[in-house]
Structure formats: C-alpha cells, structure tokens
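Colleague: I'm new to this one, could you walk me through it once it's on screen?

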Amino acid sequence: MKRSHLLVYVVGFAALLLFPVGITNPYYIHLLETIMIYAIVLFGLDIVVGYTGQVSLGHAGLFGVGAYTAGVLVTKLGAPLLVALVAAVGVTAIFGALLALPALRVTGPYLAMVTLAFGTIVQILINEMDFLTSGPMGIKLTKPPLLGHQLDEREFFWLVAVLLILSLVVVHRILRSHLGRAFEALRGSPVASDCMGVSVYRYKVYAFVISAGFAGLAGSLYAYSEQYISPNTYNFELTVLFLLAVIMGGRKSRIGAMLGAAIIVLLPKLLDDVVLFRYVSVGLALLVLATALIGIRKDRTTVKQMAIPVVGSVALAGLSFWLQTMTDWRLSIFGVIMLFVVYYLQDGIVGFVRNALNLRTRPTDDAESEDASHLPAVSDALSTAKAGAGELLSATGVLMQFGGLKALNNVDLSVRRGTIHGLIGPNGSGKSTMMNVLTGIYVPTAGALTFAGKSLVGRTSSDIALSGIARTFQNVQLFGEMTALQNVMVGLHHTFDSNLLDVSLHLPRYKRENLQATARGMALLKFVGLAALAHEEARNLPYGKQRLLEIARALALDPQLLLLDEPAAGLTAPDIKELISFIRKIREHGVTVILIEHHMDVVMSMCDTVSVLDFGQKIAEGDPAKVQADEKVIEAYLGGTAA
Ligand code: ADP
Ligand code: MG
C-alpha cells in the first residue's frame, strides 16, 4: 500500500474509533454502527458482484441467517459472544454454498431470480420455525459480555469498528491474492479460466462461501446492535438496497462499499428532513461541479460526459428548495437518485471520481505492488518440458456431432512429442472444434483421446489444463479488466498452494509463492515482449499484443502441449515474424505445439507434420511439402486461398 493511502486509512480509522468519544448521542453512534455493519456485508457482496460478476439478491437472506444463528445460540444456549460470531460465520458460509449451487447452472437475470427466491425461503423458514426463532415475534437480545466484561453501547461500537477494520484487511488481502484473481477471471472469461486450470465451478462456490461468511458476521453483529431481530428485516427491499449500494459506491472497491453502506443508511434519514436535505444536496452539487471542472481542466473527461452528472445534481439541489416538505416525495426522490446513479455512474461514485480526477486505479493485486527489479532473477521464463520421444497425444475415431452436423467425423490424430503439428482446412472444417474437444470444452460424441498415456474424455477443462494442455483462442479470451501481468498470473494459479489463512495473514508460504509467481509472470511477459505493458489492462492492449499476451498466459501453465488457434490472425507482417520466432523458441524448450493457421507460409515453414481437415474429415496428412502437393488438399483448400 502506498504511504499516502496508509495515512488516509489510519486517520480514517482513528476518527472512527474516536467518534463515540466526541459524539455521545446514542442515536448517531447507532447510525454509524449500522453503516459499519452494512459495510461488512458489502465487502462480501462485492466479491460476488464486483469480482465474479454474478448477481446475488440472496444477501439479505444470508444476513438474516447470520443474525438468527447468533440470536438463537444466545437465547437458547446462552452462547458467549465469540462463539456466536464464529458460529454465525460458519453457518452462513454453509448457506452461501447452497446459494452458489444455482450460480453454477444459471447466470444473469435467472440467477437474480433464483437468489431472490433463496432470500424469500430463508425469510419464510425464519417465520415458520417458531420453536427456534419465535417466528414473527422475533428475538430480543442484550449487548453481550466480552471475556467477562459487559459491553456498553460505546464499547460495542468499538468492537464493530475493530471487526470492520479486520474484515477490510482480510477482504483486501483475499482479493489481491491468487484467489481474488481467480474470482475476477471468472468474470472476464469463464472458458479461459477453466482452460487456465482455474475451475469456474470451484471458485464460484468459494466466492459465495467467503461472501456469505462476511454476511454472517455482519448479521450477528446486527442482532446485538439492534438488540431485537424479526423476520421482516431481511426482506426484498434490504436485498435490493445491498445490491444498489455496491453498484452506487463502485464495485471492486472497499471505499466504494463503505460509501455505499453510508448512502443506504443515511439517504432515507436525509429524505425525512427537508432542511438537512437542502444542505446536503447543495454540498453534493458543489462537489460534483468541482470534480467535473478539475476533470475537464486535466483533460480527463469532456464537457459532454460531465453534463449529466452536473445537471442532475444541480437539479436535485434546486428541487430541494422548491419542495416544502419531503413526506410526499421521499420515495420518488429516493428512486430517482438510485436510477440516476445506476444509469449514469456505472462505475459507481468511486469510479466516477477516479475517472474524473485521473487517479490511476490503485494496484489491485499483490503482484503489482512488487517491484520487479528486486525480484529474484528468473533466468528463463519457460521451464524445459519433460524430454522424450514418441506419441504425446492421440485421437482415434473422434466424432463430434451438433444436432445433425458432424463437426468432426471419425478423425484420427497422432501428435509426436517435441513437434509442431499443423492443423489446416477451410473455415468450418472443424479445426477449432478439435481444440475444444481436446480441452474438454466439448465432450466428443464418440472416439478416444489419450494424452501422455491418460484418457481425456469426460474430464473437466481445468483438470485437462492442469495435466499439461494449454491453449489460446481463435477469438481472444483475455480477462479484460485485469492487467497483462494479472492475466499471466491467472495462468500461474497452479503454482499457489496457499489457503485462505496464508493469504489473510500473509504467512511466509503465501509471500514466497507470490514473489515467485510475480517473477515468473514478469519473465513470461518479457519473453513475449510485453514487459513494458505489464500493468496495462488487457482490454486496452492493441489486438496483436493481446494475442501475444494470450500465449504468455498459456505458457504460464507450464504445458507439455500448447494449442494455438490461428495465432497470426489479424497480426501485421512484422508481428507474424516475431510470432514465428516465439513459437520456435517454445518448441526448443520441449513444448509440443498444435498450430491452427491460415497463413500458409507460417504453416509450411514451421510445421513438422500437417493434418488437413475438410467438412470434419481428415483428408490428408504428412510433411508440409507432401500435403501442399496433395490433389485433394489443393481442391478443398489451397487452390482457393494460398494462390
Ligand atoms: P473451423 O475452426 O475449422 O473454422 P469450427 O470447428 O469452428 O471450424 O466449426 C466446425 C463446424 O461446427 C461449423 O459448421 C460450426 O458451425 C459447427 N459448430 C462449432 N461449434 C458448434 C456448436 N457449439 N454448436 C453447433 N455447431 C457448432
Ligand atoms: Mg476456427
């Protein structure tokens, strides 16, 4: 963390801890306490929404599970505070795993519906399970004792503040680690995640479980804070508010989560009081105006981009003076503000300010905070693959049927170790389908596939990737919002053994693995000539560089077999030359390559063997010169394109 940031945090938290000393009104103490508790929920929700890109409308339900776990344990068993908190985290995490199950099958609006149903079911269960929860009557609690000392309002506030800080640190560390990268990779490209050995299935569940753990912690604190819980609290409105808070504050940001929490707690109060509302809306308008002016002067944004936020906030301020009372307008204004933010500030308030003031996004990753010049030297990016001769991959009688279409029809393929094996054929002949079958994206309708002596059929993509097959995609599949280095480090995910504890506490194992992976990642970027662009977001790289980055990421898996699907497509002539030299170097390190390519000069100059597909059938095979002269090949393919 940068010094200036650390200072901001230290001052912020000192202020937080001193708050109940300066302000003794219990109303305000309770208000801030609620904000902190919501912030803990939002830290967790942001993992699911901001990082993995899934929608969850089930988090109010999880919050309720946490609250009731604590409530029931305290009233039924007289559990002490620490036991109640830990149990709430554990039980809610289990519910989080349940909530993850639908996320494995559906996404988008369907997932939103299913998670919403989950929340409703939790609410109904709480209502119906009278014997535990006292049903609609709710449960009454008192502020708990901690280690024999009865906490008062203020001391409980401090407890919440400390847990907020701890949660912040832990969430932050998780998200900056290989786990956070795995979550973010899911959002960027699930297919590519799986093919980099990062199981989408597993990490979706992890994300929901960790997220639920925080909701559980917050829920249990909420039960003590309110001293009364009833099923009505954990309703549709709350769950929508949570989601809006993450989006409004700004996803993928801890400050955004805290801001979002403050907004959803304070905004309804604010809208109760017209005088206060006037002050705040004028203040907000001035703030937006200032941000916009600075942004425009720094050439970071245009007048056009800033017009709507500025006009909107000024209009809101105007409206506040025109209104005499708020009561009739409360809900409408609340709704309009929400809509406004969601439509026009898609990156939330934090994103808006960052963008307008040209604050470079802070390093979001432990890799980026390592200074590469101090890293242990990695003499070579590629570790040499196991030597040996003979067959590495064999496919026999592979049939891949899509409805009536046989995309692959009885194809045999044998790839020898250490060779570059070309796969050519006209568009739609089944080349990419072959790669998808080899990497477990499709399960072949019939046929056998053997890699290094083991069958590939029926295994998951991530399992196949970890066994030594890496690939690139015909349509580049990078993790767009992640930097070049982070992309490569997703490929290095397999080099991490660290668990949640190692990451949260920054234990030596994690530090060592992180340092090594960062060095490897930088070395791989250097290998493909992208070291200077290591901290650039992948989506901002030129197309040719994106293709090279994809190759570097694939190499990070330490593959025995590398599948390249039209790597030269869209590249300029000098880039293609460079690409050829990379592929040669890759082979020199003992990596076997299957190369799909339309550029005949590339294929003919590099490949040891070439197989030709046409309409899903292999029509020719052999050394390049022989294939090039083959009648059938000329007729099907070369005659048209290579002339
Ligand atoms: P190539 O890479 O050789 O250009 P592909 O392997 O992408 O060809 O496609 C081979 C054939 O299989 C095409 O006719 C394509 O439309 C079809 N195909 C590929 N994937 C699917 C799919 N998921 N569903 C249906 N048809 C598919
Ligand atoms: Mg293709």
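**Around the ligand**

Modeller: In this predicted model, a polar side-chain atom of Thr433 lies 2.5 Å from an oxygen atom of ligand 1. Residues are numbered from 1 along each chain as written, and chains are lettered from A and ligands numbered from 1 in written order. Local features need pLDDT of at least 70, side-chain atom pairs count only at pLDDT 80 or more, totals for chains, interfaces and linings use all residues, and side-chain values use heavy atoms, without hydrogens and water.

Colleague: Which backbone atoms lie close to an oxygen atom of ligand 1, and at what distance?

Modeller: A backbone N or O atom of Gly428 is 2.7 Å from such an oxygen, and a polar backbone atom of Lys431 is 2.9 Å from one.

Colleague: Which element gives the most to the shell around ligand 1?

Modeller: That is α18, with three residues; this helix spans 431-438 (helices are DSSP runs of H or I, at least four residues, numbered from the N terminus).

Colleague: Switching topic, is His59 buried or exposed?

Modeller: His59 is buried, with a relative accessible area of 0%, where buried means under 20%, exposed over 50% and partly exposed in between, using a 1.4 Å probe and protein chains only. His59 sits in helix α3, residues 59-77.

Colleague: And which side chains does the His59 side chain make a polar contact with?

Modeller: The side chain of Ser56, at 2.8 Å, and that of Ser211, at 2.7 Å; a polar contact is a pair of N or O atoms within 3.5 Å, and within protein one must be able to donate a hydrogen and the other to accept it, while residues adjacent in sequence count only if both atoms are side-chain atoms.

How values were computed:
Helices (H or I, at least four residues) and strands (E, at least two) are DSSP runs, numbered from the N terminus.
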